[in-house]
Amino acid sequence: MTILGIETSCDETAAAIITGDKDRITLRSSVLATALAMHAETGGIIPEQAARQQVRYMLPVIQDAIKQAGITLEELDAIAVTYGPGLIGSLLVGVETAKTLSYVLHKPLIPINHMLGHIYANWIIDSKVNQSVQNEKSSDTTPLSLPTFPLIALVVSGGHTDLLLMKSHSDIKLLGGTRDDAAGECFDKCARLLGYPYPGGPKISQLAEKGNPKAIAFPRPMLGNHDYQFSFSGLKTSFLHSTKQHFPVLRTGHPQDKIGWQQVVVEAASAKEKHLVYDLCASLQEAIIDVLVKKTMRAAKEHRVQSVVISGGVSANQLLRDRFTEMCKKEAVTFFSPAKQLSTDNAAMIASAAYFHFTPQKWQAVTADPELYFD
Ligand code: KG4
Ligand code: ZN
């Protein structure tokens, strides 16, 4: 079965072609146009601009995905599209395009929850990009295989931090989620405080490499609670206080603002001050990872699962992957993480989720839902 996936929930315009056969997904093409540079310039995502970029890129991206896969639109068996959560203007572009294609080509239309899509990046192991999956996995000494049920899935993205118990593809239960900021949001907002544009996660983890993760004892929000809820807004506030305390004369600044912290602290500061920034980043990253790993592993033990599966943009974080690899080995649970280019937003994961959740809807019934969550 060959599926076209379309993903336009935020600032990325993506299309991909997958072919599914039994439990295996082959990635035939994955194309992505990003408006990241534009959003970095404006200091964040401006929904109206993101939607306009989606309109601009949507058709060329689909055409490219079809061309790279070496197929025609007529050869498709179905069309899958993200219908939420996300920015309404961005979502509408993908949803309306998918509906039109479904109507014109007489192909089944499968609406997919973006967060569920992230999880299914872990089933794409037989693909063009699996070169990197294979390499990553073999260096992990994890056998190249598929996740087995029951499993715990952690979805960590810019807008969500969700923990789910999956007993099968159709038996999925939400164990907990974030009460306020998501883990990715915490990375992004703290990076912004230092003057770095979206997405802040990769920058924080890069600066953290030179820092001491034990230098600043940031709180581990809700780690002591016996539920599976998360909260990261307090950690962000603590990061703000700590930064202000160490750099009292500085102020938050827009990346274009020449007196922003980034310019003062990282570029012009003394070696000692630079180290302080590295320590702040390393300690922040450590606190976020500590909470994510410990809560996930607690759920894995409680539900006696066979696999732990992580996904979403933050799952590209190498330290998070290393920590999970270590903990899962200890608990004799198999650990899965997607190829790094499939951790962040892409359309292959949407097509993969559609293959395992093949529930076509009439095009008239499919609408964008920016507030969509797990049932
Ligand atoms: O899943 P995603 O691409 O988009 C959403 O659905 O939100 O996730 C984006 C998030 C951003 O918050 C970004 O800072 C974070 O993923 N991220 C990272 C890393 N790469 C991306 N966070 C920490 N470390 C990384 N290496
Ligand atoms: Zn996402």
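This is a predicted model: local features need pLDDT of at least 70, side-chain atom pairs count only at pLDDT 80 or more; totals for chains, interfaces and linings use all residues.

Reader: Happy to start with the metal. Which residues coordinate the zinc ion (ligand 2)?

Author: With a metal, begin by listing the donor atoms. Here His114 (NE2), His118 (NE2) and Asp345 (OD) coordinate the zinc ion (ligand 2), at 2.0 to 2.1 Å. Water is not among the atoms, so the site may look incomplete.

Reader: What spacing do the donors of the zinc ion (ligand 2) follow along the chain?

Author: The spacing is H-x3-H-x226-D. The two histidines are about one helical turn apart, because His114 and His118 lie four residues apart in helix α4 (residues 114–119).

Reader: Are His114 and His118 buried or exposed?

Author: Relative accessibility settles that, with buried meaning under 20%. His114 has 6%, so it counts as buried. His118, at 1%, is buried as well.

Reader: Let us turn to helices. How does the reach of helix α3 (residues 88–105) compare with the span expected at 1.5 Å a residue?

Author: Compare the end-to-end reach with the expected value. α3 has 18 residues and reaches 25 Å from its first C-alpha to its last, close to the expected 26 Å. Its buried residues include Leu91, Val95, Leu101 and Leu105. Among the elements covering the buried residues of α3 are β1 (2–7), α2 (47–69), β4 (78–84) and β5 (109–113). Just after the helix, His106 takes a positive phi of about 60°.

Reader: And what do you see in helix α11 (residues 318–330)?

Author: α11 has 13 residues and a reach of 19 Å between its first and last C-alpha, close to the 18 Å expected. At its start, a side-chain oxygen of Asn317 comes to within 3.0 Å of the backbone nitrogen of Leu319. After the helix comes Ala332, with a positive phi near 55°. Leu320, Arg321, Arg323, Phe324, Thr325 and Cys328 are buried in α11.

Reader: Where do the buried residues of α7 fall when seen down its axis?

Author: First list them: Gly200, Gly201, Ile204, Ser205, Leu207 and Ala208 are buried in α7. They fall within an arc of 160° around the axis, so they line one face of the helix. The buried residues of α7 pack against α6 and α10.

Reader: What is the general idea behind a nonpolar core?

Author: In soluble globular proteins, nonpolar side chains tend to be buried together. In this model, the largest nonpolar core has 49 residues, and those touching the most other members are Phe232, Leu284, Ile288, Leu292, Val308, Leu320 and Phe324. Elements giving two or more residues to this core include α6 (183–193), α8 (233–246), β10 (307–311) and α11. The greatest contribution is from α10, with 15 residues.

Reader: Leaving aside neighbours within four places in sequence, which residues is Ile288 in contact with?

Author: Ile288 is in contact with Ala183, Cys186, Phe187, Phe232 and Leu235. There is also a second, separate core of 38 residues, which includes Ile3, Phe336, Ala351 and Ala354.

Reader: To finish, where is the place of Asn122, and is Asn122 buried or exposed?

Author: Asn122 sits in the loop between α4 and β6 (126–127). With a relative accessible area of 2%, Asn122 is buried. Setting aside neighbours within four places in sequence, its contacts are Pro147, Val309, Ile310, Ser311, Phe336, Ser337 and Pro338.

Key
Residues are numbered from 1 along each chain as its sequence is written. Chains are lettered from A and ligands numbered from 1 in the order in which they are written. Side-chain values use heavy atoms; hydrogens and water are left out. Donors are N, O and S atoms within 2.8 Å of the metal (3.2 Å for Na, K and Ca); water is not among the atoms, so sites may look incomplete. Buried means under 20% relative accessible area, exposed over 50%, partly exposed in between (1.4 Å probe, protein chains only). The expected span of a helix is 1.5 Å times one less than its number of residues. A polar contact is a pair of N or O atoms within 3.5 Å; within protein, one must be able to donate a hydrogen and the other to accept it, and residues adjacent in sequence count only if both atoms are side-chain atoms. A nonpolar core is a set of buried Ala, Val, Leu, Ile, Met, Phe, Trp, Tyr and Cys residues joined through side-chain atoms within 4.5 Å. Contact means heavy atoms within 4.5 Å. The arc is that of the directions from the helix axis to the C-beta atoms.
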